[in-house]
Amino acid sequence: MSYFDYHKKHCHYTSVSKGDPLLLLHGNTASSAMFAAAVQHYTDQFEVFLIDFLEHGKSERVERFSADLWYDEAIQVIAFLEQTKIGKVNIIGSSGGALVALNVALERPDLVKAVIADSFEGEEPLEAFVKNIVQERELSKQDPATVAFYQFNHGTDWGAVVDNDTRAMDEHYKTIGRFFHKPLESLQVPVLLTGSRQDEFVAPDFYKSTFANLLSKIPNGMMHLFEQGGHPAMLSNSKVFSEIATKFFYTTEMNIIQLTENKKQYLDLLLLADEQESMIDRYLERGELFVLDDNGVKAICVVTDEGNGVCELKNIAVARESQRQGYGKKLINYLATHYSGKYVQMIVGTGDVPSALGFYKSCGFEYSHRIDNFFTDNYDHQIIEDGVLLKDMVYLKWQLK
């Protein structure tokens, strides 16, 4: 098992898959185990890092939590990022973890790309919940389902963990009363606030009004509310949540925009992937064109509606000087999220060349069919790619639902 140090104590963490770093932060009385079922939705695009805060999960135990709990846990996250040197990260914090995520971004924006803060009560504790926290937690320890949750996250000493958390929350409410040390107006990273209208801990319109107030202060923020699902929204809507999260992270990390006019201004780039202008003319105007800008245009693509719930990636090209830097895959991942719910399948046609087929398969596509003699019948000149004379068009497919 892997650990980082905080105040001479060992904090457990683990990582799953490879890709851009994504940090998931658990809530109060939980641990990273709460993400066991949800983490699979992120591993195609991200290397997911999971932390157990001190006294939680597999991390070392302490005698007493700081009353400034969510700030202290943010400092633990900062220690993790400094010690592991994984670079700037995207963060999703759920419930209490949302408070931690925002504190990390406020204290060390140099370590954070973007934050999703899910299912939390705002800048101050929700009095209706926390004023009776001691009594409510004692009752929770008599409920078999809640006890099973505690045991799953912490093991046999779950009672001490819950009691420690309860004392800290009660003390915070009575002596501190605010979650953040710095004003939300000072946030320097993009923030997405999420929650469910059916969250059992709050009224149906609580998140709408609370988040609207927060967004009046956050310089670069937005909100997404789910109509269904309990607390937290990240888990009760796990698949759709992951799609929204992925799209948010990719669109904030680099600017992906859809153009509806003057599409031919990018003809030179489009010709890198489809080298005959008359063939591009067949789909450019009816297709949707996306441009990935990361300090300059790095990649471009065109997607068409082929009917029956199928869209086709007709053209994807990466500027020569930006190739082999992951831009093509990030653009495809964005498309998969963007079109999920609108189409059930995305297809793409390419030459029968190992490098091209390998690229699309690494993105999630699988073989569908081929069209014999497509290149020889439709192009006015021979097309050679990686030393191979193209003849047949090989189609691959990707199920978007």
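This is a predicted model: local features need pLDDT of at least 70, side-chain atom pairs count only at pLDDT 80 or more; totals for chains, interfaces and linings use all residues.
Local features need pLDDT of at least 70 and side-chain atom pairs count only at pLDDT 80 or more, whereas totals for chains, interfaces and linings use all residues. Residues are numbered from 1 along each chain as its sequence is written, and side-chain values use heavy atoms, with hydrogens and water left out.

View 1. The volume is the space filled by probe spheres set on the points, which are joined across faces, edges and corners.

**View 2. Elements and residue classes around the largest pocket.** Strand 12 (310-318) contributes at least two residues to this lining, as do helix 12 (327-339) and strand 13 (345-351), among others. Strand 12 gives the most, with seven residues. Helices (H or I, at least four residues) and strands (E, at least two) are DSSP runs numbered from the N terminus. The lining comprises 22 nonpolar, 10 polar and 11 charged residues; Ala, Val, Leu, Ile, Met, Phe, Trp, Tyr, Cys and Pro count as nonpolar, Asp, Glu, Lys and Arg as charged, and the others, Gly among them, as polar.

**View 3. The second largest pocket.** This pocket has a volume of about 850 Å³. Its 30 lining residues include Asn-28, Thr-29, Phe-129, Phe-201 and His-231, the closest to its centre. Helix 4 (133-140) is one of the elements supplying at least two lining residues, and its four residues form the largest share.

Notes:
On a 1 Å grid over the protein atoms alone, a cavity is a set of points where a 1.4 Å probe fits but cannot get out, and a pocket is an open set with protein on both sides within 12 Å along at least five of seven lines; lining residues have an atom within 4 Å of a point.
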